[in-house]
Amino acid sequence: MLVRSSRCDSKDPKKFHQQLTHHGEALLTLYFVTYLHWDKDLSTAIYHAFGGLCYFTPILGALIADSWLGKFKTIIYLSIVYVIGHVVKSVGAIPTVGGRDVHIALSMLGLILIAFGTGGIKPCVAAFGGDQFEDEHVRERQKFFSIFYMSINAGSLLSTIITPILRGDVQCFGGDCYALAFGVPAALMVVALVVFIAGSGMYKKNPLQGNILLEVCNCVGFALRNRWYRSKHEPRRSHWLDWAEEKYSKRLIQEIKMVLRVLVLYIPLPMFWALFDQQGSRWTLQATRMNMAFGDAFSIKPDQMQMLNALLILVFVPIFDLIIYPLVGLCRIKITPLRKMATGMIFAALAFGAATLVEISVVKTVVDPAPAKNSLLQVVNLAGGDASVKVLGTDLFPEPIPYFHDSPTYETFPLEGPAKYAYITVTSLGADTECNQRFEEEEAYSLILFPGPAGTQCKLVEDYIMKNEDGNPLVRFLNTLPEDLNITVGTVLFNVSSEYSVSPNQTVSQGVYSDVTCCLKSGECYRLDLGLLDFGAIYTIILKEESGKIVAHKTEDVKANNVHIAWQIPQYALITAGEVMFSITGLEFSYSQAPANMKSVLQAGWLLTVAFGNVIVLIVAEGAGLEQWKEFLLFASLLLGVCIIFSIMTCFYTYVNPEQLEKFYLENSGKEGDNNENMKKKNNDVPLKKTGKGTRL
C-alpha cells in the first residue's frame with residue numbers, strides 16, 4: 001500500500017500543474033501591465049477574475065470525475081485542455097501575431113481554457129492521492145498531504161526562479177519573451193502527463209459512485225420542499241434534512257449532513273484566500289517599486305520574490321510537523337485541525353500588517369499625479385547662471401535655482417480649469433525674461449531654461465513621472481549641442497535632436513553604466529559615464545560639451561526605490577506560516593471529514609473558498625479606490641474579524657469518522673430495510689461517540 005502511494009505521489013501531474021500555475025500568478029500580472037498595457041487596477045481585477053474562475057470550475061471537475069470518467073481519466077483529459085490553453089496563451093504573447101486586439105483575444109481564450117483545465121484537475125488529484133491509502137493508514141495519509149504540498153512547492157520554487165529568467169533575460173521579438181515563459185510550462189506539462197499515464201497500472205482506482213453531486217442537490221431540494229409544504233399536524237423532525245426520508249436513504253441523508261456541517265464551516269474561509277492570493281498581484285506590484293539589488297553581485301526580478309513562499313514551505317512543513325506541533329502538545333494545548341486553521345488566519349493578517357508598513361515606506365519615493373485642474377512643474381536651469389523663476393499669481397519657486405540643477409521637487413501648479421496659459425518671469429545673469437506657456441490639467445512638465453540670442457529662453461516639455469511597471473529605471477536625454485546625437489545605453493538606442501531637444505523616456509536595465517556610446521551626426525563618437533541607473537528612478541541626462549568632449553550631467557526627476565526588497569521577507573514568512581497551518585490542514589480536513597463517495601465534492605467545496613476569495617479582491621480592487629496601504633490594512637482587519645467568527649463556529653463542530661459510518665451501514669445492511677421503521681428508530685441520526693482523538697461515529 002505504501003509503495004503504491006509513493007508511486008502515485010511521484011508521478012502526479014498536479015505537482016507540475018500547481019507549480020506552473022503558481023509561478024504564472026506573478027508573471028500574469030506583469031504580462032497584463034507591460035505587454036497588454038493595462039493599468040494596475042484592471043490587471044489586478046483580471047488576474048483575480050481568472051483566479052476565481054480557476055476555483056469555480058472544480059465543481060465541474062468533481063461532477064465529471066464522480067459520475068462519468070472517474071478521477072484518473074478526468075485528470076488526463078482536462079490536463080490536455082490545460083496544455084492547449086497554455087499554447088494558445090503563448091501564441092497570444094507573440095507580438096507579430098496580429099494586433100493588440102488579437103493578443104487580448106488569444107490571451108483571454110487561453111486563460112479560459114487553462115481555468116477549465118485546472119478546475120477539472122484540482123478536486124481530483126488530492127482525492128485521488130488520498131484514495132491510495134487504506135482506511136487504517138490515517139497517519140500515513142496525513143503525511144502524504146504534507147509531502148504532496150511540499151512537492152508542489154519544490155516545483156514552484158524552481159519555476160519562480162526559471163520563468164522570470166525566460167521572460168526577462170531571454171529577449172525575443174525585441175522585448176521580454178512572454179511567449180517562451182508561457183510555452184515552456186506547456187511542454188513540461190506534456191512531459192508530466194506522459195509520466196502520469198505511464199504509471200497507470202500502479203494506482204488504486206475506485207469505482208464510480210454515480211452522479212453524487214446531482215443526487216445531493218436533489219435530496220436537499222426535496223427536503224426543503226417537503227418541509228415547506230408539510231402539514232401543521234406532522235411532528236417536528238430533529239433535522240431539516242430528515243424531511244427527505246420518504247424518498248432518500250438514511251445513509252445518503254446522514255452523509256449529506258456530514259458534508260453540510262463542513263461546508264458551513266467553509267463560509268468564512270474565502271477571506272484567507274483573498275489575502276493569500278495577493279502575493280501574485282498586489283505584492284508583486286509592490287516589489288516593482290522596491291530596490292531589488294543585492295550588492296553589485298546580482299538582483300532579482302519582482303516576480304521572482306514569490307519563490308520565497310515556495311522555499312519557506314519546504315522549510316516550514318517539517319519544522320511544524322516535527323518540532324512546533326509536538327512542542328505545543330507537550331504544553332498540554334490540544335491541537336485540532338480547526339484550531340490550526342484559525343491560527344493560520346491570524347498569521348495571514350499579521351503578514352498584511354507587515355505589508356502595510358512596507359507600503360507606507362515605499363510610496364515616499366513615488367510622485368503622485370497632479371489632481372484635476374492642476375499640473376506639476378519643475379525647472380531645469382541651463383541658462384548660464386543661477387535663475388529666479390516667478391509664475392504669475394503663485395509662489396512656486398521662492399528660492400533661486402542653481403545653474404545646471406533642477407528644482408528640488410515637482411510643484412503643484414493650480415490651473416483653475418482644464419488648461420491655462422501662464423506668464424513666467426525668469427531672472428538670470430541680471431536680466432529678466434518673460435515667457436508664456438500653456439499647461440494642461442493632470443500633466444507633469446519641465447520648464448527648461450537655456451541661453452539664446454536675446455537672453456534666457458524657455459521651453460516646456462511634458463514629463464513622464466510614473467515609475468516603470470517592471471521596476472527598471474527610465475532614462476531620457478537632453479541635448480544642448482548644435483548637432484543631433486545617437487546614444488546607446490546597453491541595447492537601447494536614443495536619438496536626440498539638437499538645440500535643447502529632449503528624447504522620449506525609455507526603459508534600461510538597472511546597473512552601472514560607465515561606458516555608454518554617444519555619437520554625433522558627423523560620425524564622431526565619445527564615451528559617457530552615467531554612473532548607477534537605479535531601480536524605479538526616472539532620469540534626465542543633460543549632454544554638454546566641456547573641454548572638447550561630450551559629458552553627461554544626470555538629474556533625478558523621480559527618486560530611485562530606496563526600500564530594499566528584503567523588507568518583504570517578514571510578510572512572506574508570516575503568510576507562509578499561515579499557509580502551512582491553514583491550507584495543508586484544510587486539505588486533509590476536507591478529505592478526512594467526507595464520506596467515501598463525496599470526497600471529490602468536498603474537495604471542490606474547499607476549492608470554491610479560493611474562488612470566492614478572488615472575488616473579494618476583485619470587488620475591493622475595483623470598487624474601494626483606496627490607497628494601497630489602506631487597502632492592505634483593510635484586508636488585515638477583515639481577516640481578524642472573520643477569524644473571530646470562524647473560531648466561534650468551530651466550537652459547535654463535531655469531528656466525525658466517515659469510515660465508521662461506512663462500517664455501521666455495512667453491518668446493518670441486509671438485516672432490515674433502509675426504510676424499515678425499526679431501522680428508523682435504531683438510527684434516526686447515527687450516534688456520535690466522543691473519543692480521545694475527537695468524535696467518532
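1. In helix 12, the residues L308, N309, L312, I313, F316, V317, F320 and Y325 meet I569, Y572, A573, I575, T576, A577, E579, V580, M581 and I584 of helix 14, contact meaning heavy atoms within 4.5 Å. Helices (H or I, at least four residues) and strands (E, at least two) are DSSP runs, numbered from the N terminus. The model is predicted: local features need pLDDT of at least 70, side-chain atom pairs count only at pLDDT 80 or more, and totals for chains, interfaces and linings use all residues. Residues are numbered from 1 along each chain as its sequence is written, and side-chain values use heavy atoms, with hydrogens and water left out.

2. The axes of helix 12 (residues 307-330) and helix 14 (residues 569-592) come within 9 Å and cross at roughly 55°. Axes here are lines fitted to C-alpha atoms, for helices over the stretch in contact, and angles run from 0 to 180 degrees between N-to-C directions. Helix 12 is therefore oblique to helix 14; angles under 35 degrees count as roughly parallel, over 145 as roughly antiparallel, 65 to 115 as roughly perpendicular and the rest as oblique. Helix 12 passes helix 14 in a right-handed crossing, that is, with the near helix turned clockwise from the far one by less than a right angle, anticlockwise being left-handed.

3. Helix 14 also packs with helix 6 (residues 138-168), their axes coming within 10 Å and crossing at roughly 135°. This pair, too, is oblique, and its crossing is right-handed. On the helix 6 side, R141, Q142, F145, S146, F148 and Y149 meet E579, S583, I584, L587, E588, Y591 and S592 of helix 14.

4. I147 also belongs to helix 6. With a relative accessible area of 44%, I147 is partly exposed; buried means under 20%, exposed over 50% and partly exposed in between (1.4 Å probe, protein chains only). The C-alpha atoms of I147 and I584 are separated by 9.9 Å, although the two residues are 437 residues apart along the chain.

5. The largest nonpolar core has 128 residues, among which Y31 and W606 touch the most other members. Such a core is a set of buried Ala, Val, Leu, Ile, Met, Phe, Trp, Tyr and Cys residues joined through side-chain atoms within 4.5 Å. Helix 13 (residues 337-362) supplies the largest share of this core, 11 residues. Apart from neighbours within four places in sequence, W606 is in contact with Y266, L269, W273, M341, F582, S583, G586, L587 and S590. A second, separate core of 24 residues includes F494, V496, L528 and I541.

6. An open sheet is formed by four strands in the order 15-14-19-20, with antiparallel pairing; two strands pair if DSSP finds at least two bridges between them. Strand 15 (492-496) and strand 20 (525-528) stand at the edges with a single partner strand each, so one side of each lacks a neighbour in the sheet. On average, neighbouring strands are turned by 20° against each other, direction ignored.

7. Strand 14 (residues 485-489) pairs with strand 15 over five bridges, with N486 opposite N495. In their hairpin, which has two residues between the strands, G490 takes a positive phi near 65°. Strand 14 also pairs with strand 19 over four bridges, T488 having T517 as its bridge partner.

8. In a regular strand the side chains alternate between the two faces of the sheet. In strand 14, L485, I487 and V489 form the covered face, whereas N486 and T488 form the uncovered one. Four bridges join strand 19 (residues 516-520) to strand 20, where L528 is the bridge partner of V516.
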